Amino acid sequence: MVLDRRGFMKFVAGAGLGVMATPIPWKLLDDAAIWTQNWSWIPRNVKGETSYTYAVSKMCPSCVPMKVRMVGGRPVRVLPVDGHPLGGGVSSIAVAEVQMMFSPGRVKRPLYRAADGAFRELSWAEAVTLLQQKLQAAGSSTAFISGDENGSTNDVLSAFARALGAGDIFLMPSEAQCAARAAELMGIPAQLGYDLENSDYVLAIGANLLESWGPVIRNRRIFRDGRPVAGKKELPARLNIAYAGAVQNNTAAVARPWLPVYPGTEGILALGIANMLIAKGCSFDSPDFSEFKLLAAKYNPEVTAKETGVDLKKLEAVVKALMAAKAPLVIVGSEFSQGSGAAPVMAGFALNALLGNINKSGGVCLLPRAEAGIDGASARDEIFKNDLTAWIADRKTPQALVLHEANPAYALPGPQAVAAFLKAVPFKVSFSTYMDETAALCDLVLPIGMGLERIDDVNTPYGCGKTVYCISAVAADPRADVHNTANVILHVAKEMGKDLGFEYYEDLLKTKAVRYEKCDFAVLAAGQAAVSEARVEFSGFTARADVLAKALSPKTRGNKLGLAPYAKLNLGTAKTGIPPYNTKTLRGTELDGKDMYVMMNAKTARKKGLSDGDMVVLDSGKQQIRARLRVFEGVMMDTVAVCLGYGHTALDEFSQNKGANVMELMVAVPEPQTGLNVWSGTGVTVSKA
Amino acid sequence: MEMNYNRPIDAALFPDGCERGSLTKFLLWLGGVSVVLLLGLYAAFLVLSRGLGVTGLDDYFGFGLWITFDLGVIALGAGAFFTGLLRYILNIDPLKNIINLAVIVGFICYTGAMLVLLLDIGQPIRSWFGLWHPNVHSMLTEVIFCISCYCLVLIIEYIPLILEQKQINKNRLAHHIAHNLHLMMPLFAGIGAFLSTFHQGSLGGMYGVLFGRPYAFRDGFFIWPWTFFLFVLSAAASGPMLTVLIATLMEKMTGKKLVSFDIKALMGKIAGTMLLVYLVFKFMDTLAWINSVAPRSGLTFDQFFHGWIYGKWLLFTELVLCGVLPCVILLYKPLRDNPTLLYLAGILDCAGILINRYVMTVQTLAFPSLPFDKWALYCPNWVEWAACGFVFAYGAILLSISHRYLPIFPQERYLNGGCCAGGAKH
Amino acid sequence: MSAKKEFNVKWGMAIDLDKCTGCGACMVACQAENNLAPVADASNKLRVMNWLVVFELSNNKEFPDHEVAYLPRPCQQCAEQPCATVCPVVATERNEEGGIVSQIYPRCIGCRYCMAACPYHARYFNWFDPVWPKGMEKALTPDVSVRPRGVVEKCTFCHHRYMMAKDKLRAQGKNIFVKGEKRGTKHSAIAEGDYVTSCAEACPNGAIVFGDLNNPAHRVYQLTHDNPNAFRLLERLGTDTAVYYISSREWVRRLGDNYLKDEITQKPEKILPKKH
């Protein structure tokens, strides 16, 4: 048979019709729903058996406990842990901590700076050898900065420093440091704690209680339990929160009332309230009570109103509520969790003493100080005595600098000066998970695991009302070639002939765990917290009116606007930058492309001839930053509010090129008498760009 | 046939007794238009390969220029169904002189709209789901069905025109098909009118049923919101005028008379009548909207407008400047008989309908439905414009070729001094 | 329009706006749970995929009388859906016990008509294919499929968790429903708290309470029934949503709907007739 043209056409037509009569084309067409859903470039879900592990966030300052959902051995979700003293929900940082294991900004393997200035990879063995050589050479001229104030890595660092004969060991500045210094000045041998759990009226002055102050998730759980949902069928609120601060921040949004005050006047407000309480007959036992009374008397309501800008009527109502409360509590802190010095905390303590709540249920409690777990290591409060900003300002450049999870080149006031200081240090090594601004300046960058990937501990974060000790076990396989900072240091110390008594960090944690009753290491590593109600007996204190008088003296603002920096957890920390999953939480009124917004109220804006959306320059005299202006009525008069966490130059695309770093504007100045530096009272001029 | 070297090289293909310009000039024109076409194709490539993110659309403006464009061309393309209805069903015979053009314009508008829709939906491969998995409660389902079917009708109406091309018509089969299709044309015109009425209505219904969007929401009759009827009427009021305008534009471009003015004026009168009916209902609807829909939603008339871009001037322009004014011109004979005024009225008429489709699409979505939200701004980007440009270019090319080779205008020979008076007989 | 469907079980929320501090943890928890891809620049809010958005509310008064509130907005799971009725391909419907409005990604053709219809802006379109930073796709949950470009998506009240809770009951050989106290009613056998959305679970303030709006034993029922502080968004449109908000502040409640000047909050003079 010959296939001619006609025959061929018939065959094709017949075949076509025949195929159409089969289900094949119709099935294929119907399957369009499936194959248009599953393109090869779309990631697939991978199924697996679900299991859970437990950890405590080392990344979020709230130290929130986490239940990690694993699917086929892969971590996929962070879930809250109920019934944990620090738990009750998840913070906006911790909730996507699993995803942050894959952040593009991670340091994947050890890096050293080659002669041409660029980073080159090296093996861990080479890195450790290099580190050992450099530290050996630097000897006692080695300094240490740790960005983790709650972990026992500090024990290892400080023991090592002691062994080297080095005294320069620092923690990044924090509220805990201000409080530790305050306790010391007042002669209280304890860590200040706050029994929020049992308080019925909390006045937070500057302390951003529900977003950035202390173990926030625990604070918020207490708020949750103490404030039933408003409605007919629920009980009245068991906990009321009043908030005084310059910005209507997350805490102020739910506080009743919000007392707007000028930034940096928290201590003065506390003295003003002290005066009102004393006038109502409150007092406390202190050798210098009469001096304190005199000092407080200087801040009569009129002066207080003038200096802090507070509305007296509202203030009186708050004072009345404080006096009426069964368990009132005053917490003084900083709206951006740093830089406010010891004096405001001291004034706050005096207020609590006036309210008679020291070591009482729902009041301020005196917790035993955290002790070091290695012989010769300094306790946390000892390390807090060293002020990092002051040391950097002194410019006694060490030969070597060891940084553990610290990013001073971003997070300290005047980051440019800090960077210049760092550049002058001949050898600096950063133990870091992410390639942050400081790591990018270092000579050696050693990747460490994220909290989820390493074993570590959390020891009574500042703000707790009781002693809480947690072990955070390894919850997930590391996604980079990492080692634990402490293990590396222990190893290097041993190689240098300075045995610190432990082979591995885990061994140190085990000895710490046994100190707590009924809790062995395995139980703690499985996610349970060791809790102790032990308190240091309160045997009086000195109010230190002499210190307060100098440190809290009113400052003249002149023509400048008060700078009110404020912190929000969804922008991450200096260590993490903005977590990838958090960019969407930034409102259009907070960030627009590369421009961040700073806020002031309409009256202030009018005074300065500015309007909503203007590009403005904030000038502290030394440094300038640019931003867009948002007119927001929740800002104190003559104040400009600027959010922390923008302006990263390192890390990854989720953090870079977004706004400016407000720390640029801040200038650290000595707080009289306390030995700390403060930078909460910075003034700036704001003008149209 | 002997070659006449004075005539263009493709002269053998021209309709009987009609002269055309040189082929070179024609190809240059097509080439020029093709640039726009290619740009549109590139835009389409971007959309299909990368996703709709390359457009200026967003989550507030899921509908934007393209939907406005689709609604606009479908309304203006209504000349085809409405003229067909009058010509074949109501036997208004003079309209035979413009019906062919109306069909082609309709064909271009509908196929163009379908092309743009194919880009506009996120999953073009699934576009047939609308027919296969229909939701009978959705106005859009009705639109999908009617438009698909009506597109077929328009193809059927277009086929005889092609088959009547001088050379093709020599083929006996083609000739017979064309002839028989012509005989059946009243049937198709009827089907077309039915389908068209429904989908024009359903397009309006699409907005009228949006009870979450008070700017667009309307009460109605049975399952049909008032916008259903308003869209049908407004399409009938503007479609004929677009046909007239295109005929006139073609005359200006070719330098030939194609349709006699009395036919255009007749179309104008028809459109004017429809516009009057439409406007009466539209004003009633607007009043009901202001006095019923708005207060029921807790809103005032003023709240529906914002700033300049969403200002009240749009409503005024739509209803008065582009509604009442052209209506007066078209219905008052002395004015209508002035060609300039007739064309002006046509332009205003069409513009009014376009504004209506625009505000129903964009302003509906820009309006802050949540009391704590803000008015949203929409700005179409070049990709969206280019895709619309593609349809214009495609239409221009199709019309140019059709005009050059197909006997569209029965009066052309007569009006341009040809030998045979009275136009071609079918 | 189809008749409103009533179910024995109606999952819903009560969100206490006096408790929400606007921290954003719920938004992040939602993204991680439902496999939403992160984006480096999220400043074009009209292009950012977010099933749950926290809006900032202001009483619009000048300093110092200014007050602020935050309002998390998931899909409101309307009983009278503006969206599902308009979908041409039945890619979204409310047709299952529990009253959750589904979204079937393989069916959706991406016409976005539902987005135009939803007054809550709860629906989002995949303008591009989702991209995760290299390796981050390893942290995707196995429960929610990844959506390609060109389809619409929205909050599903973590429907996969509902299915898992039911599966758990089935595996234990238990019934899915139990008899209610009132005659003729039945309730889900899932214990309160065994099925909770990711956002409600994450919120440290306990601002989001999730449960069965038809079950008098559930907290969400108690909070939303007979509570003068409870309101729903755009109630007068007649959407009959399953998300209630609670605030003791009148200005917050008034922002929940559009009111004419002289209308009383939560009691507009004219009430929308039931049928549209």
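Two strands pair if DSSP finds at least two bridges between them; strands (E, at least two residues) and helices (H or I, at least four) are DSSP runs, numbered from the N terminus. The model is predicted, so local features need pLDDT of at least 70 and side-chain atom pairs pLDDT 80 or more, while totals for chains, interfaces and linings use all residues. Residues are numbered from 1 along each chain as its sequence is written, and chains are lettered from A in the order in which they are written.

In chain A, three strands form an open antiparallel sheet in the order E1-E2-E3. E1(A) and E3(A) are the edge strands, each pairing on one side only. The twist averages 30 degrees from one strand to the next. E1(A) and E2(A) are joined by seven bridges, and A:Thr50 stands opposite A:Val71 in E2(A).

| Strand of chain A | Residues |
|---|---|
| E1(A) | 50–56 |
| E2(A) | 65–71 |
| E3(A) | 74–80 |

E3(A) also gives the most to the side of chain A that touches chain C, with six residues. Across this interface, 76 residues of chain A are in contact (C-beta atoms, placed from the backbone, within 7 Å) with 67 residues of chain C.

In chain B, the axes (lines fitted to C-alpha atoms, for helices over the stretch in contact, with angles from 0 to 180 degrees between N-to-C directions) of H4(B) and H8(B) come within 10 Å and cross at roughly 105 degrees. That makes H4(B) roughly perpendicular (65 to 115 degrees) to H8(B). B:Ile98, B:Leu101, B:Ala102 and B:Val105 of H4(B) meet B:Leu242, B:Thr243, B:Ile246 and B:Ala247 of H8(B).

Terms used:
Parallel < 35°, antiparallel > 145°, perpendicular 65-115°, else oblique. Contact = placed C-beta atoms within 7 Å.
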